[in-house]
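Biologist: Hi! Could you walk me through this model before I start my own notes?

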Amino acid sequence: MKALLLFASLLVALGGLSGCSAPTIADARYLNVSGTSGYFTQAQDKATAYFVCGQAVQKNPFGDIDMTENFWCSFSVNGRAYEKLNTGVIAKLVLEPGQYTISRPDDPLAQIKTVTVNLEAGSTTTFIADFTQTVKLSGQEFLQSVRAIEGPVPDTFKERTPVSM
């Protein structure tokens, strides 16, 4: 029984990984930013928002599987969906100050945890998309969530390649 469950979990993980590797980022979306110093500056009269893919984890009875390396995500800002990103890139939007709801529209079967923020002029916020797949004996649960970090972009994300949103 345990071997059958392990085999089923592996098939689900492989299926998820193969589906995650299908999209590509067009060369036109990569930004030519020398030194990226200007990319991480904030606008004085606008709100600056950065978007990155965070963690992707499959939780199952036999141990967790980290799928972050091959993770693709997309974001919706006030209902407008944007292009897919992967864990190697960071995207930026300069927005008018105001209230924004950020979500992940990737999978209609997933539970979607959104974040609503009030972005102020001169502020910088990094939005991080996470994915958790929980495999249980009774089936699977998918959770797509977004978390927000106010303030400067964390150094770990500054190493990623800038792309247009």
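Predicted model: local features only at pLDDT ≥ 70, side-chain atom pairs only at ≥ 80, totals over all residues.

Biologist: Thanks. How many helices and strands are there in the chain?

Modeller: There are 2 helices and 13 strands. Both are DSSP runs numbered from the N terminus, with helices being H or I of at least four residues and strands E of at least two.

Biologist: And what percentage of the residues count as buried?

Modeller: Of the 165 residues, 41% are buried. Buried means under 20% relative accessible area, exposed means over 50%, and partly exposed is in between, using a 1.4 Å probe and protein chains only.

Biologist: What about contacts between residues at least 6 apart in sequence: what share joins residues at least 24 apart?

Modeller: That share is 69%. Contact here means heavy atoms within 4.5 Å.

Biologist: Let's talk sheets. What is the strand order in the open sheet of 4 strands?

Modeller: The order is β5-β4-β8-β10, with antiparallel pairing. The edge strands, each pairing on one side only, are β5 (80-81) and β10 (115-119). Two strands pair if DSSP finds at least two bridges between them.

Biologist: How many bridges join β8 to β10?

Modeller: There are 5, and the two strands run antiparallel. G98 stands opposite L119 in β10. On the other pairing, β4 (residues 76-77) and β8 (residues 98-103) are antiparallel over 2 bridges, and V77 has I102 as its bridge partner in β8.

Biologist: Back to β10: which residues are on its covered face?

Modeller: V115, V117 and L119 make up the covered face, while T116 and N118 are on the uncovered one.

Biologist: Moving on to β12. Which strands does it pair with?

Modeller: β9 (residues 111-113) pairs with β12 in the parallel sense over 3 bridges, and 12 bridges join β11 (residues 124-136) to β12 in an antiparallel pairing. In β12, L143 is the bridge partner of Q111, and F142 is opposite Q133. β11 and β12 also form a hairpin with 2 residues between them.

Biologist: I see a glutamine in that strand. Is Q144 buried or exposed?

Modeller: Q144, which is in strand β12 (residues 139-150), is buried with a relative accessible area of 2%. Leaving aside neighbours within four places in sequence, its contacts include R104, P105, D106, D107, Q111 and F131.

Biologist: What lies 3.2 Å from a polar atom of the Q144 side chain?

Modeller: The backbone nitrogen of D107 does. A polar contact is a pair of N or O atoms within 3.5 Å; within protein, one must be able to donate a hydrogen and the other to accept it, and residues adjacent in sequence count only if both atoms are side-chain atoms.

Biologist: Where is T87, and is that residue buried or exposed?

Modeller: T87 is in the loop between β6 (85-86) and β7 (89-95), and is buried, with a relative accessible area of 17%. A polar atom of the T87 side chain lies 3.3 Å from the backbone oxygen of E69. Not counting residues up to four places away in sequence, T87 touches C53, G54, T68, E69, F71 and R160.

Biologist: Last topic: rings. Which residues are linked into a cluster by ring pairs?

Modeller: Y39, F40 and Y50 are. The ring centres of Y39 and F40 are 5.1 Å apart and their planes are at 90°, so the pair is edge-to-face. Rings of Phe, Tyr and Trp (its six-membered ring) pair if their centres lie within 6.5 Å; planes under 30 degrees apart count as stacked, over 60 as edge-to-face and the rest as tilted.

Note on methods. Residues numbered from 1 in each chain as written. Heavy atoms only, no water.
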